[in-house]
Amino acid sequence: MTTAEMELQKRRFKEVLDEIFSEPYTSKIALDDDGNVAEARINTKEILDDVQLTAIGYKAEEWSLKAQLSRSGAGIKVEFKLKEV
């Protein structure tokens, strides 16, 4: 996979995140050698509602990821990791 294709894949995942979060957030997205999202960390101070929590789970499944939420300072950390087969 070319660098441009990998950047496009990261941008597509970021667009998914933009659909979920309505307030500013920071993200780090890592891809595996095949260009799949292998891991993503999102930090936000946003109060998440039921719709957003459901969307996190749904989008994780859609991208073959598992999602975990935890407290991070004054906010929330959402971690996506590639599901192990």
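Predicted model: local features only at pLDDT ≥ 70, side-chain atom pairs only at ≥ 80, totals over all residues.

Reader: What makes the ring pair of Phe21 and Tyr25 tilted?

Author: Their ring centres are 5.3 Å apart, with the planes at 45°. Pairing asks for centres within 6.5 Å, and planes under 30 degrees apart would be stacked, over 60 edge-to-face.

Reader: Why is the pair of Phe13 and Phe80 called edge-to-face?

Author: Here the centres lie 5.5 Å apart and the planes stand at 90°. That angle is over 60, so edge-to-face it is. Phe13 comes from helix α1 and Phe80 from strand β4, 67 residues apart, so the pair links distant parts of the chain. Ring pairs also join Phe13 and Phe80 with Trp63 in a cluster.

Reader: How do you know whether Phe13 is buried or exposed?

Author: Buried means under 20% relative accessible area. Phe13 has 1%, so Phe13 is buried. Phe80 also comes out at 1%, so Phe80 counts as buried too.

Reader: And what about Glu79, buried or exposed?

Author: Glu79, in strand β4, has 12% relative accessibility, which is under 20%, so Glu79 is buried.

Reader: What makes the link from Glu79 to Arg41 a polar contact?

Author: The two side chains come to 3.2 Å, and the cut-off for such N or O pairs is within 3.5 Å, so the label applies. Leaving aside neighbours within four places in sequence, Glu79 is in contact with residues including Ala40, Lys66 and Gln68.

Definitions and conventions
Residues numbered from 1 in each chain as written. Heavy atoms only, no water. Phe/Tyr/Trp six-rings, centres within 6.5 Å; stacked < 30°, edge-to-face > 60°. Helix = DSSP H or I, 4+ residues; strand = E, 2+ residues; numbered from the N terminus. Buried < 20%, exposed > 50% of the residue type's maximum accessible area, 1.4 Å probe, protein only. Polar contact = N/O pair within 3.5 Å; in protein donor to acceptor, adjacent residues only side chain to side chain. Contact = heavy atoms within 4.5 Å.
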